[in-house]
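Dear colleague,

I am handing over the structure below. My notes on what was found follow it.

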Amino acid sequence: MANYLDEIKFTIKSKNMTVFWLHGEDFMFSSSVHHVQQRIPQMKMMKVHIPFTFKLQESSTASYTGVKCTISSQVPYRLQAFWGVSIRELHLFLWRPWSCISSALQQDNLLSGYYQYKGHSSLEKESHAEKTVEMILPDGCLDLGTPPRLYYPLVILLIRDNPNVLPDETVALVNVVHIKDSVCTLPTSILAQYLKQANGQLSSLKQLYLATGNSLTYDDNEPKDRGAVIMDNNLVPCEQQLCVVCQYFPLSRALLPCRHTCICASCFAKLENCPMCRSPIKSYFCVRGEEYLTDCSNEKTVPSKPERLSQWVQENITDLFGFHR
């Protein structure tokens with residue numbers, strides 16, 4: 001009788017779902033069409049050490065007469081600022097080999113002919129902590145033209161003062177600064193940042209967006225890893241952030257293209273849209289290790305709702321037909 005019962009196919013229909021039980025297997029819930037979620041691809045990322053930090057000081061009055069920025073470096077470097085830089089020529093120049101850029105720096109003709117004014121210039125022979133540098137336009141005005149403009153207001157380059165570097169080492173951090181004026185009234189801010197490596201690779205730095213409910217930033221006295229996640233120009237240790245969905249496992253995945261870094265690997269497998277902005281998840285990359293998946297694999301979990309319902313239906317159907325459990 002028990003073997004006969006195992007071969008019976010039960011179908012129980014309700015208003016919005018159908019429950020199937022076949023050969024004693026688990027229950028399966030479905031509508032008329034079962035959609036199979038496509039596997040979201042993982043982007044392979046490479047950690048790059050950035051020896052520089054650059055940020056603008058918050059100021060609503062920032063203008064061409066004075067832009068204050070905060071800079072730190074772990075290596076000797078040269079700082080060079082240019083006002084009114086041709087957008088097209090800057091990008092062409094940045095794609096040149098590192099040897100060409102280094103040579104132009106040594107000959108003091110960096111971006112020659114492609115800017116309106118040469119600004120602050122200094123050589124730092126030793127590494128230093130954060131310090132403030134003020135950029136002042138010599139004549140107080142620029143001719144940037146009408147939108148869409150063909151010139152960046154201010155470009156600040158931090159270039160390593162050592163031509164002998166490994167191919168994958170960072171040799172320059174390029175900061176493009178927008179300055180508020182009567183034509184373009186957006187607040188003064190960093191418009192773009194580019195990372196140049198000795199092998200010629202040019203990368204555009206993008207900010208990741210983290211949930212800040214339980215975030216902790218590094219203390220000033222702690223060593224700072226420039227390869228960590230950058231949030232509002234502050235370095236944030238991802239291992240101290242919790243997933244916004246389960247609030248249990250540490251977040252470990254950054255979603256693309258929205259760049260929200262907010263969920264763990266366990267919750268990621270159940271999502272198609274970002275839980276922060278609801279935009280579709282096209283790909284992702286990991287910002288930390290996911291060893292916690294192994295640690296929790298043997299833990300006893302609370303049965304899910306479908307599992308509890310499956311057990312209830314099994315018991316009641318068995319009682320209904322008068323079979324012993």
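Is Glu-290 buried or exposed? Glu-290 is buried, because its relative accessible area is 18% (buried means under 20%, exposed over 50% and partly exposed in between, with a 1.4 Å probe and protein chains only).

Before the rest, some ground rules. This is a predicted model, in which local features need pLDDT of at least 70 and side-chain atom pairs count only at pLDDT 80 or more, while totals for chains, interfaces and linings use all residues. Residues are numbered from 1 along each chain as its sequence is written, and side-chain values use heavy atoms, with hydrogens and water left out.

Glu-290 sits in the loop between strand 18 and helix 5 (292-295). Helices (H or I, at least four residues) and strands (E, at least two) are DSSP runs, numbered from the N terminus. The side chain of Glu-290 makes polar contacts with two side chains: that of Ser-252 at 2.9 Å and that of Arg-253 at 2.7 Å. A polar contact is a pair of N or O atoms within 3.5 Å; within protein, one must be able to donate a hydrogen and the other to accept it, and residues adjacent in sequence count only if both atoms are side-chain atoms. Leaving aside residues up to four places away in sequence, Glu-290 touches Ser-252, Arg-253 and Ala-265 (contact means heavy atoms within 4.5 Å).

Next, the aromatic rings. Rings of Phe, Tyr and Trp (its six-membered ring) pair if their centres lie within 6.5 Å; planes under 30 degrees apart count as stacked, over 60 as edge-to-face and the rest as tilted. By this rule there are 4 aromatic pairs. In one of them, the ring centres of Phe-52 and Tyr-77 are 5.7 Å apart and the planes stand at 70 degrees, so the pair is edge-to-face. Phe-52 belongs to strand 4 (residues 52-56) and Tyr-77 to strand 6 (residues 77-86), so the pair links distant parts of the chain, 25 residues apart. Both Phe-52 and Tyr-77 are buried.

Phe-268 and Tyr-284 form a tilted pair, with 4.5 Å from centre to centre and 55 degrees between the planes. Phe-268 lies in helix 4 (residues 265-268) and Tyr-284 in strand 18 (residues 283-286), so this pair ties together parts 16 residues apart in sequence. Phe-268 counts as buried at 8% relative accessibility, and Tyr-284 is buried at 6%.

Regards
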